[in-house]
Amino acid sequence: MDIHIKQGLIQQEESDLIVVNLFQGETVPAGALKAVDQALDGLISTMLEAGDFKGKLGDTHLFYSRGVLPAPRVLVVGLGPQEEFGLEQARRAAAAAARRARELGIAQYSTIVHGGGVAGLDAARAAQAVVEGSLLGLYRFMSHKRDAAQEEAGGPAAVTVVEVDAAKMDAVREGARVGQVAAGMANLARDLINEPGNYLTPRELARRLRAEAEQIGVQAEVLGEEELAALGAGSFLAVAQGSEEEAQFIILEHRPQGVEGGDLPTVVLVGKAITFDTGGISIKPAEAMWQMKDDMGGGAAVAGAVLAAARLNLPVHAVALIPSCDNMPSGKALKPGDVVRAMNGKTVEIISTDAEGRQVLADALCYAARYDPVAVVDVATLTGSIGLALGRQVAGVFCDDADLRDRLLKASELAGEALWPMPLHKPYRKLIDTDVADMKNSGGRYGGAIIGALFLQEFAEGYPWAHLDIASTVWQEENSAFAVRGGTGFSTRLLLELLRSYA
């Protein structure tokens with residue numbers, strides 16, 4: 001969808017539809033809504049007096065202007081309670097409006113900047129949220145539907161963001177630019193997560209990311225199994241050995257164009273990318289195994305964040321490390337009781353082959369040290385335990401470095417992708433002690449998310465490090481007014497905000 005920015009009055013827009021808003025509980029139109037109401041001879045006021053629209057977040061009400069306005073349709077979208085309003089509510093309101101426009105078969109529409117007026121949000125951030133919400137809300141995965149082209153044609157082709165204040169136009173333009181890039185890369189991550197495992201193999205993931213990188217100007221490198229063996233990546237390769245598909249270690253590296261000097265901060269993002277996870281010999285139950293195509297959600301997110309940083313030419317050296325393979329049972333597969341050696345020389349006894357994510361991340365975290373980074377963040381669908389602790393809307397962040405943790409929590413707030421600090425409880429480290437190796441890869445049922453993070457910490461040496469467990473947030477089970485069932489792309493936009501903080 002094309003994004004246009006315009007200075008002017010929303011009631012003067014020549015568009016198929018104009019979008020204005022209302023806080024929950026308001027009974028008297030204000031701001032842009034008041035101007036539209038006056039043009040409609042009090043029609044909106046009459047609705048509010050009758051109590052037919054409450055302004056709940058994401059609710060919409062449609063009016064027809066009957067030639068009084070240049071736009072034939074007016075859509076009022078609810079913002080929820082004003083005291084609870086912020087960037088995420090602006091994002092969700094924009095998503096709901098975009099989806100309603102698609103339902104109406106609208107080709108193009110215009111919207112005000114939700115929150116940019118009386119709510120007092122920063123103009124750039126508010127415009128970013130509106131554009132992000134519009135693009136995220138319209139997302140659909142259509143790659144394997146026979147009538148995909150026809151269905152896609154039914155969505156809006158363009159949206160115009162209208163700002164009345166000329167002094168805010170530069171900020172609105174910049175915010176909209178960031179929002180378009182951020183949402184575009186989050187939707188790319190969603191495409192990758194939704195792609196079936198027979199289409200998205202490790203080599204195909206590498207091919208697609210390489211193509212995206214070349215288009216944007218990001219350096220891309222892919223290491224195969226021979227190169228990984230030479231590096232001593234025995235932990236990663238042990239997971240891959242049961243599959244017919246070759247493991248791929250994908251490296252994306254953004255260096256800003258036109259920036260002099262080599263002293264830019266280096267941030268390394270490490271993303272687990274198991275393109276399909278059967279659990280290996282410790283095989284998963286059949287019922288929900290089909291969803292294990294989403295086990296590469298961390299890799300998709302870190303790729304999207306670095307590609308977005310490059311599109312915005314952020315003055316930061318950003319690296320994505322994406323270890324990718326399938327986890328399959330076969331005569332060659334890793335077995336419980338086996339011992340493997342990681343790149344830093346530490347040995348691991350395999351208790352469960354379904355604890356494979358930490359195995360591939362271990363070698364990637366070792367590899368990250370060569371960049372001398374100011375921060376390393378790994379992102380992984382690591383444990384079911386995190387969902388039991390935090391539910392489906394909040395991911396866990398494990399981090400002992402105060403500055404990095406604070407940056408992540410601020411990025412979480414700006415992106416509307418919720419994180420909750422979790423403890424790296426040192427006494428639990430003994431739960432992965434073993435008689436035959438330096439550690440084992442599973443410490444039992446209780447505290448599984450913490451134990452997984454403590455395992456990873458053994459390989460994150462020499463730099464500030466954080467671990468995001470996104471196992472419960474990578475996939476949305478139900479359709480809503482704001483998003484569709486399937487891959488969420490969770491943490492793509494959050495990680496972009498983190499990179500912006502270093503830039």
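Predicted model: local features only at pLDDT ≥ 70, side-chain atom pairs only at ≥ 80, totals over all residues.
Me: In what order do the three strands E12, E13 and E17 form an open sheet, and what is the pairing?

Reply: The order is E12-E13-E17, and the pairing of this open sheet is mixed. Residues are numbered from 1 along each chain as its sequence is written, and side-chain values rest on heavy atoms, without hydrogens or water.

Me: What makes strand E12 (339-341) and strand E17 (439-440) edge strands?

Reply: E12 and E17 each pair on one side only. Strands here are DSSP runs (E, at least two residues; helices are H or I, at least four), numbered from the N terminus.

Me: How do you know that E12 and strand E13 (residues 347-349) are joined?

Reply: Pairing requires at least two bridges found by DSSP. E12 and E13 have three, and run antiparallel, so the pair qualifies. Within it, Val340 stands opposite Val348 of E13.

Me: In what order do the six strands of the other open sheet stand, and which are its edge strands?

Reply: The order is E1-E6-E5-E2-E4-E3, with mixed pairing. From one strand to the next, the twist averages 25 degrees.

Me: In what sense do strand E5 (residues 108-112) and strand E6 (residues 158-163) pair?

Reply: E5 and E6 pair in the parallel sense over five bridges. One example is Gln108, whose bridge partner in E6 is Ala158.

Me: Which strands does helix H2 (residues 43-50) touch as it packs on the sheet?

Reply: H2 touches strand E2 (18-22), E3 and strand E4 (73-78), where contact means heavy atoms within 4.5 Å. The direction of H2 makes about 140 degrees with that of E3. H6 packs on the sheet as well, touching E1 and E6, and its direction makes about 170 degrees with that of E1. Such angles run from 0 to 180 degrees between N-to-C directions, with axes fitted to C-alpha atoms (for helices, over the stretch in contact).

Me: What describes the packing of helix H4 (residues 123-137) and helix H6 (residues 169-194)?

Reply: Their axes come within 7 Å and cross at roughly 35 degrees. The crossing is right-handed, which means that the near helix is turned clockwise from the far one by less than a right angle. Among the residues in contact are Ala127, Val131 and Leu135 of H4, and Gly175, Gly179 and Ala183 of H6.

Me: Why is the contact of H4 with H6 counted as 13 nonpolar, five polar and two charged residues?

Reply: The nonpolar class holds Ala, Val, Leu, Ile, Met, Phe, Trp, Tyr, Cys and Pro, the charged class Asp, Glu, Lys and Arg, and the polar class the others, Gly among them.

Me: What makes a space a cavity or a pocket?

Reply: On a 1 Å grid over the protein atoms alone, a 1.4 Å probe fits in a cavity but cannot get out, whereas a pocket is an open set with protein on both sides within 12 Å along at least five of seven lines; lining residues have an atom within 4 Å of a point. One cavity of 30 Å³ or more exists here. The largest cavity has a volume of about 50 Å³, the volume being the space filled by probe spheres set on points joined across faces, edges and corners. Its lining includes Ala238, Ile281, Asn327 and Thr353, and divides into six nonpolar, three polar and no charged residues.

Me: Which residues lie nearest the centre of the largest pocket?

Reply: They are Lys284, Leu382, Thr383, Gly384 and Ser385, out of 44 lining residues. The space amounts to about 1,100 Å³, and H14 gives the largest share of the lining, five residues.
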